[in-house]
Amino acid sequence: MKKFTKLACLLLALAMMLGCLTACGSKESASSATAYKLGGVGPLTGGAAIYGNAAKNGAEIAVEEINALGGDVQFELSYQDDAHDAEKSVNAYNTLKDWGMQLFLGSVTSTPGVATSAEANADNMFYLTPSASSTDVLGGVANPLTGTVDIARKSNVFQLCFMDPNQGSASAQYIADQNLGSKIAIIYKNDDVYSTGVYNSFISKANELGLNIVSTTTFTTDSQTDFSVQISDAQSNDADLVFLPMYYDAAALILTQANAVGYKPTFFGIDGMDGILGVEGFDTSLAEGVILLTPFNADSEDEATKNFVAKYQEKFGEVPNQFAADGYDCVYAIYEALKASDANPSMSASELCDILVATFTGGSFSFNGLTGDGMTWDDTGAVSKSPKGMVIQNGVYVGLD
Amino acid sequence: MKKLRLNKTSRTNFLTYGMVVVLFVVLQIMSGGGMLSSTMKGQLVPICAYVVMALSLNLTVGVLGELSLGHAGFMSVGAFAGAVTAAALQNAIPSGGLRLAVAMIIGALFAAVAGVLIGIPVLRLRGDYLAIVTLAFGEIIKSIINNLYIGMDAGGLHASLINNTIVLEEGGRMILSGPMGIPGITKISTFTAGFILIMLSLVIIFNLVNSRAGRAIMALRDNRIAAESVGINVTQYKMMAFVTSAALAGAAGTLFAMGQNTIIASKFDFNQSILILVFVVLGGQGRMWGSIIAAAALTILPELLRGFADYRMLVYAIVLILVMLATNNPTLSGFFSRLFGRFRKPQKGDAAR
């Protein structure tokens, strides 16, 4: 008799869920027709939640500020969880479509970004991602290793962050220009799109510039707690600079474990390293002298950044990282573009997309945000802004020139 | 559940076929009439893939009686083999449906080969040992694909391991790039293709179970020593069930991959294997219709729970626990058996459960 019980239980559970969903749904649909519906997808739960929540919080602050201005352009924001999974990100995107999204802030992380950008491209939905930096999100970019274009350009997709190859080649260029190291070790995460993408372009640029790479070691998600093998390989090869193209959680462990064996080279990171000073239980004095390329500096003295950091701290109780600034800038970039065009909130997503793509690639559109001044976009979808070198001194970022 | 009488078994089987057909027709009509949300439409293909995964794992767990914790490994093999095949045949076979069918066959073949390879050492083990080795198998597949690079140009397919050393001619493109997986999949999986695969899986599984071989397999499950003593070839029959299960998982993997924009190897991890095992356990071991309902319901559930926002996965876990408790609650089942009492005839299997 179990089968009837089971069936009934499942049906009851489903009915309960459906009931709840319709209740929640009806609340959301009671929106004003004067506001643009802005959607975003990111990992709000799971291992990558820190990035998704930061981008979401940044975007929320921007939307609040813009709505408080009471101008013609008003936003309604909805962020959906994808748990850093491509399959779930498409579900999240579809949920937003059902909600009536007109403009899409894209995915926060790269692999889901590849999936949602393809969906948005099929629907002609305007897509500006804060931080999905893989070239496959944009499409039409040559693979740095084989020189082939593996995915066609998705014409409605734009990035606010640096593309992975730009970061890798910029890092190599920076190290060569500033003469930061004569023997270079690289540790990267070879099951991660972001880390591998930066590594590939770094290595091809480094070979071009004649940088001396003495040690290349890898790790994966499953092995990112013990770095003794990688560190001792770098140490035994006398590397004086270690390049760490990875997120700060793993980098914090590498710094701690290198210190434990008395290995003190220069550590060089990319924008994923931003946030290392906020890692719980991490001795920030270990990060002293670490160099990283990042577009955003929470300790910057300019008025807009100070204002944003204060608001973020008041609302969420922590110092915003680069992802928060990216999320904030995304909303403002769309805001500026909408103001510069003759769009109105009653237009369909596809009409808005055509208008915004024309504005973004028109050549005259330039945007000043927290993560850079005079950002412009062209047909490739990649942003043009220059990365800033930062060095950690006395527990804060100081700009390098 | 022991299938004691043939007529009872066939009745259940036909009811299962019927249920799938009715669900398919209803969903197709709703889809055609614009009654399905984008979320629901987007989930139809993954649901079909997960249903086939659950059915195939049920063959290993429920019918063969061996616990496998690496079933996502076979799905992964099928997904990547199928997706690479489909990408390579993009120009050769313009028809999406035909290309999908070819990709599925290739995906199933590769998964079957993987099934044979892993089956040789694994099926000599029993119980916990077998579970742990299959778990390791899933991890090995993940590692291999994370380090595999495949590109294609006019000269055909090129592959390299660990480092991407592929040199492609003008006009070539990378299909699989290690940890980045396959980023640009042309979606060709349809709900109809998923439905056909489910029906095909059911036909294969029901016919296998009700054949002489199937009875031998179940005899092995129930008492290996007794089965061996009457001359049943243990390795042969275990292998038969295991490889069939792997091949179906491979086909499901292809169906899944061709319904996604991108797939990466780490998608098919230990958690994925456990999720599929949950479908099987919740639906009832050896009970195919239970697997179908459980797989479909548990795939849709997290999306339905989006209304709970931050508490979504917590609520999902609670619902899972409640359903597990409810299905094992004697008071509740007593209530339902009284309610539905007139439909049922006493079964010996009930007391054992």
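**Chain B: a sheet and a helix, worked through**

Gly151(B) stands opposite Met174(B) in S3(B). Here strands (E, at least two residues) and helices (H or I, at least four) are DSSP runs, numbered from the N terminus. The model is predicted: local features need pLDDT of at least 70, side-chain atom pairs count only at pLDDT 80 or more, and totals for chains, interfaces and linings use all residues. Residues are numbered from 1 along each chain as its sequence is written, and chains are lettered from A and ligands numbered from 1 in the order in which they are written.

**Exercise 1.** Work out which strands of the chain B sheet stand at the edges.

*Solution.* Start with the order, S2-S1-S3, in an open sheet with antiparallel pairing; two strands pair if DSSP finds at least two bridges between them. S2 (156-161) and S3 (173-177) of chain B each have a single partner strand, so they stand at the edges, one side of each left without a neighbour in the sheet. The twist averages 20° from one strand to the next. Next, the S1–S3 pair: 4 bridges join S1 (residues 148-153) of chain B to S3(B), running antiparallel.

**Exercise 2.** Check whether the end-to-end span of H2 (residues 38-63) of chain B agrees with its residue count.

*Solution.* Take 1.5 Å times one less than the number of residues. Now look past the helix: Gly65(B) follows H2(B), with a positive phi near 80°.

Conventions. Axes fitted to C-alpha atoms, helices over the stretch in contact; angles between N-to-C directions.
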